[in-house]
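Student: Pick one part of this model and take me through it closely. Start with the terms I need.

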Amino acid sequence: MHARLFMIIPCYNEEKVLPLTARMFLEELEDLIAKGKISGDSRILFVNDGSRDGTWGIIQELARNESHFIGLSLSRNRGHQNALLTGLMEVREMADITISLDCDGQDDIHAVEAMVDAWQNGSEVVYGVRSSRDTDTFFKRFTAEAFYKLLNNMGVEAVYNHADYRLISGRVLREFAGFKEVNLFLRGMVPLVGFPSSCVYYERHERLAGESHYPLSKMLGLAVDGITSLSIRPIRLITGLGLGVSVLSFLGVLWAVVSQLTGHAVTGWASTVCLVCFMGGVQLVCLGVLGEYIGKIYLEVKARPRYIVSERTWEE
């Protein structure tokens, strides 16, 4: 019996690119069905993340004209990670395998077949990994490398050059449903489930149409969310920093006492101002990191739903 595949594709204001990429996704799905690698009732699920343009109308039209297309719409914009999670959780009982990818056409659609082959060879999770960043600007390449290095140094288990293009088996999804975090960083959470995994390498293309929805500010926010949601290493760094500053302060007290006893003390405001500014800066940074974690705890304990589906193109 062939596996039932669901492609999960989050969409936010993608009316310009969706008509172009939908055909690409369908052609790949039909090719895999013709080769006998997946079942004929496999589907392409578009998740409308509260788009403000005509994206949901396009998804509804696609679903009316082609049975392989289905869609759902969130009640409001919840962000890429929540939209992706919505799609995965909606199909976890129906799918043998899922493949998540972006709507903009930058992820090489032909890597889907390689992912399915890797699953058939025993991998429960298959990560789509960029083979190179030659087409990126120096700034983009530098910030991306710094992003992954920062995550790994902070204790987040993330696959280098992997975003959210991945295959996840239904078995892994059903286990993943037990992760109830409100603060989502899926590329760091999926490895925590375990199970055999492998990587498929691909070339990332230019966006076919429209504008990117992930500028530098969002990438920085994603890094902060990933670190504070999956690692307590920043708090441990604060502890180490506190101990180091305490040692320096103790040495400074000894120096001040010795200087006073030996008559070498010099009255001045510069040294006092420097110490006050230094200690004030350290304290504010530490308070900021602690505040970030407290904010995460605040969001978690309220246990609000991570997503609310307002419409579906199929009957439950």
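Tutor: A patch is built from residues with over 30% relative accessible area and no salt bridge, joining like charges within 9 Å and nonpolar side chains (Val, Leu, Ile, Met, Phe, Trp, Tyr) within 5 Å. Here, Leu287, Leu290 and Ile294 make a nonpolar surface patch of about 290 Å² accessible area together (Shrake-Rupley, 1.4 Å probe; for residues, only the protein chains shown count as cover). Leucine 290 sits in helix 10, residues 270-302.

This is a predicted model: local features need pLDDT of at least 70, side-chain atom pairs pLDDT 80 or more, while totals for chains, interfaces and linings use all residues. Numbering runs from 1 along each chain as its sequence is written, and side-chain values use heavy atoms, without hydrogens or water.

Now the whole chain. It has ten helices and eight strands (DSSP runs numbered from the N terminus: H or I, at least four residues; E, at least two). Of its 316 residues, 44% are buried (under 20% relative accessible area; exposed is over 50%, partly exposed in between; 1.4 Å probe, protein chains only).

The part to look at is helix 1. Its buried residues are Leu18, Thr21, Ala22, Phe25, Leu26, Glu28, Leu29 and Leu32. Seen down the helix axis, they fall within an arc of 165 degrees, so they line one face of helix 1 (the arc uses directions from the axis to the C-beta atoms). The cover over these buried residues includes strand 1 (5-11), strand 2 (43-48), helix 2 (55-65), strand 3 (69-74) and helix 4 (111-120). On the face turned away from the buried side are the exposed residues Arg23, Glu27 and Ala34. After helix 1 comes glycine 36, with a positive phi near 75 degrees.

Next, the charges. Aspartate 31 and lysine 35 form a salt bridge at 3.2 Å, N to O (a Lys or Arg side-chain nitrogen within 4 Å of an Asp or Glu carboxyl oxygen). Both are partly exposed: aspartate 31 at 30% relative accessibility, lysine 35 at 44%. Lysine 37 pairs with glutamate 113, closest N and O atoms 2.7 Å apart. Lysine 37 lies in the loop between helix 1 and strand 2 and glutamate 113 in helix 4, so this pair ties parts 76 residues apart in sequence. Lysine 37 is buried at 17%, and glutamate 113 is buried at 18%. Lysine 37 also bridges to aspartate 117, with closest N and O atoms 3.0 Å apart. Shared partners join Asp31, Lys35, Lys37, Glu113 and Asp117 into one network.

Terms used
Contact = heavy atoms within 4.5 Å.
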